[in-house]
Amino acid sequence: FVPLPKITKEKYKVTVIRFHKCDASIYDSVQVIKAALMQFDANYISYDNGDDGFVAGEIFILDVEGYSFRQFLDLSKNVKTLLFYAGFLQEGAPVTLIHNHISNTSTVLDGIMTMVKPILSKKINDLVSFHRLGSGMLEHIDKEVLPADYGGDEKCIDELYKDWMEVFKTKR
């Protein structure tokens, strides 16, 4: 979970979400969702961008490189928690969701999304784009905002994550 340090010209905050290691045996999906919700909270209270401190909306990039069907099965065991999380994103987030970009998709994820999309609202479904192998991000997000990993001018995602963790620790 990495909120990028710069916002777009439209004043949108961009957040990248990815697993450092895609190994379902080392993650408990409920704990991952709890950690994500805590980081969302820390991110939302730290909106302080420019003179007016105003963020017009949020763009998420979910990088699913290496995501496997086994991880989906692990997550699907906790449907109640997954639905709570989806409900929060659709109804409870204190920011306007502008778009979700799913990066580095595979045929496995395409099949999973075919099953998941019906539980999401039409509004949310309309706000999702899929990108194979990280392509297409520069068509939607300013180059100066994106990390180098996605063709942008910012530091690499690992360095940005370290910076974010320092900020996150101050929000305890």
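Is Lys6 buried, exposed or partly exposed? I found Lys6 to be partly exposed, at 40% relative accessibility; the classes are buried under 20% relative accessible area, exposed over 50% and partly exposed in between, with a 1.4 Å probe and protein chains only.

I noted the basis: this is a predicted model, local features need pLDDT of at least 70, side-chain atom pairs count only at pLDDT 80 or more, and totals for chains, interfaces and linings use all residues. Residues are numbered from 1 along each chain as its sequence is written, and side-chain values use heavy atoms, without hydrogens and water.

I took a salt bridge as a side-chain nitrogen of Lys or Arg within 4 Å of a carboxyl oxygen of Asp or Glu. That rule gives six salt bridges.

Entry, Lys6. I found its partner to be Glu154, with the closest N and O atoms 3.5 Å apart. Glu154 lies in the loop between β5 (128-131) and α6 (157-169) and Lys6 in the loop between β1 (2-3) and β2 (12-18), so the pair ties together parts 148 residues apart in sequence. I took helices (H or I, at least four residues) and strands (E, at least two) as DSSP runs, numbered from the N terminus. Glu154 is buried, at 10%.

Entry, Lys9. I found a salt bridge from Lys9 to Asp142 at 3.4 Å, N to O. Lys9 is exposed at 65%, whereas Asp142 is buried at 13%.

Entry, Arg18. I found Arg18 paired with Asp158 at 2.5 Å between the closest N and O atoms. Asp158 is in helix α6 and Arg18 in strand β2, so the bridge ties together parts 140 residues apart in sequence.
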